[in-house]
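The structure is shown first.

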Amino acid sequence: MRRRLTQKFVSIVLSVTMLVVAGCSSNTSDSGSGSAEGNSGIPIVKVFKSHMGIGSMPAADDPHVKYVADKTGVQYELITTPPGSEPSEYLNLMIASDELPDILRPIGGVEQTLIQQGGALPLDDLLPEYAPHVWESIPQEAWDIVRSASPDGKIYYVPKVFLVPERAPLIRKDWLDKVGMEMPATVDDYVEVLKAFRDKDPNGNGKADELPTSGREFGRWMDHLFAMYGVAMWEGYPEWDEYNGKIQYAGTTDNMREAIKFIRMLYEEKLLDNETFLNKGEVWQAKINNNLVGSWYHLPANVRDRLNAMLTQAPNAYIAAMPLPKAEGFEAFVTQKSMGEPEWMIPAVKQDNAPNALKLLDFFYNPENDEFVRFGLEGEQHEVKDGRKVILPPADNKPLALGMKNLTTAEDMNKRIEETYPEDQQQMVKDMFVVSTADARQIAGDGLPASVYEGFPDIQSHKLFQEVLTKIVIGELPLEAYDEYVKKWNASGGEVVTQRVQEWYEKVKK
């Protein structure tokens, strides 16, 4: 998810100021700089993540926790947001109350606030000593991007590195076969495919309930419709890329205007799910799983559960990656962000426990532990069938698997597919990556620090863009409203942010 500063910027700064003050205090508790110890006398490392999947929080006596503790001498204590809470706000409350984790996955742009206020621990010297596998496995280019995000050029976080395209346009190949059509090569071809999906009952239930393509509220997760027009998008958020020789916000370009015009037409013709701007994530996913959606945008590596759900209603269901249809005059591409997004950072007040936190992190980046990271323990996260490890489905009454690694190469992905997918699905998923890799391009704004948005939360949150997109597509505003929006965006801080982004980009290129 794209990083966003909370709109309550002042409250964050106050929170972090409290954090810095706490770090300077000599009277620290377990929630301060010192490290707590578990029942076995080994140090505890509190790990904060948000957006956890299905499952219960693993306790200290969980076999998975014990295994990691035996290997590292450190007890992994997972912390996450309570049900129903907003993750970035919850993290800021943790900071304000000084109930800090030892290592955290930053969200809501909090990494830049911590860096600027002195609340983040520099890791340049600690990583090679306590996390050598992390240090050596992440490319130098990624470390350079991380350094560009701090005013003093230091490393304050471990970045996410994903060297294969994560996202791709997906299409029901069995639906194409059912309506007797080929994979679309142009935008016009794609429209004809969507019309056939709408009119020819490809799900075979005798009802006119097919949704040719669909997205989510605020126009999210339908990036394929923008990508055909050369728009850099990430899960529905416009990104920064080079247009007319300069890095610019994709949400104010002529490319975006044409994409919105196209999407508006799809909506009018009921080729785009008319509930798109009402769809919560779980509703959108349920429509895909329930054999109702013909074309969508998501993660090829995660199609297993979706496909298995489809197979219960459509035994011949087959998902393929769709090469991007070409729009005349535009260079279509799938947005790839390979490196630079913050993945892990350590609060400055947790300096004393930082070696243990980094030892824990290094365990998950050590190639010797790859099989454990993928499969966990037998009977807990996987079972063995016919001599092959099979991952057990998540459940509310089963502990969440522990994990910290977010570095993926093409080799890693192939292994993941071969080890976690049934043999009859492996080639299908591998073929998806072949297609998406051919269309993917790393954008100029990969690794852009959230600090460029300081003082302009509405620009960072994409609020102005989402409002005009929604209203134009559903017909509340004419297409010409886009031009007024661009002027408003620039006047509301867009020009200042653009200047900051361009200065950052020049620094990165050097």
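Ile 171 has Ser 295 of strand E11 opposite it. The model is a predicted one. The two strands concerned, E5 (residues 168-172) and E11 (residues 293-298), are paired in the antiparallel sense over four bridges.

They belong to an open sheet of four strands, ordered E6-E11-E5-E12, in which the pairing is mixed. The edges are taken by strand E6 (211-213) and strand E12 (319-321); each has a single partner strand, so one side of each lacks a neighbour in the sheet. On average, neighbouring strands here are turned by 30° against each other, direction ignored. Helix H12 (residues 281-289) packs on this sheet and touches E6 and E11. The direction of H12 makes about 130° with that of E11.

## A three-stranded parallel sheet

Another open sheet consists of three strands in the order E2-E1-E3, with parallel pairing. Strand E2 (75-79) and strand E3 (103-104) are its edge strands, and each of them pairs on one side only. Strand E1 (residues 44-48) is joined to E2 in the parallel sense over five bridges. Lys 46 has Glu 77 in E2 as its bridge partner.

Helix H14 (residues 354-365) packs on this sheet, where it touches E1, E2 and E3. Between the direction of H14 and that of E1 the angle is about 65°.

## The buried side of helix H3

Helix H3 spans residues 87-96, and its buried residues include Pro 87, Ser 88 and Leu 91. Asn 92, Met 94 and Ile 95 in H3 are buried as well. These residues cover an arc of only 155° around the axis, which means that they lie on the same side of H3. After H3 comes Asp 98, which has a positive phi, near 65°.

## Packing of helices H19 and H20

Helix H19 (residues 463-473) and helix H20 (residues 481-509) pack with their axes 10 Å apart, at an angle of about 170°. Angles over 145 degrees count as roughly antiparallel, and H19 and H20 are therefore roughly antiparallel to each other.

The H19 side of this packing is made up of Leu 464, Phe 465, Val 468 and Ile 472. In H20 they meet Ala 481, Tyr 482, Tyr 485, Lys 488, Trp 489 and Ser 492.

Asp 241 sits in strand E9 (residues 240-243). With a relative accessibility of 2%, Asp 241 counts as buried, because the cut-off for buried is under 20%. A polar atom of the Asp 241 side chain lies 2.9 Å from the backbone nitrogen of Ala 444. Neighbours within four places in sequence aside, Asp 241 is in contact with Ala 232, Lys 246, Ile 247, Gln 248, Phe 333, Arg 441, Ile 443 and Ala 444.

Ala 444 is located in the loop between strand E18 (440-442) and helix H18 (457-460). Ala 444 is buried too, at a relative accessible area of 14%. Again leaving aside neighbours within four places in sequence, the contacts of Ala 444 are Trp 240, Asp 241, Glu 242, Ile 247, Trp 504 and Tyr 505. From C-alpha to C-alpha, Ala 444 is 45 Å from Glu 37 in space, and the two are 407 residues apart in sequence.

Note on methods: Residues numbered from 1 in each chain as written. Predicted model: local features only at pLDDT ≥ 70, side-chain atom pairs only at ≥ 80, totals over all residues. Heavy atoms only, no water. Pairing = 2+ DSSP bridges. Contact = heavy atoms within 4.5 Å. Axes fitted to C-alpha atoms, helices over the stretch in contact; angles between N-to-C directions. Buried < 20%, exposed > 50% of the residue type's maximum accessible area, 1.4 Å probe, protein only. Polar contact = N/O pair within 3.5 Å; in protein donor to acceptor, adjacent residues only side chain to side chain. Arc of directions from axis to C-beta. Parallel < 35°, antiparallel > 145°, perpendicular 65-115°, else oblique.
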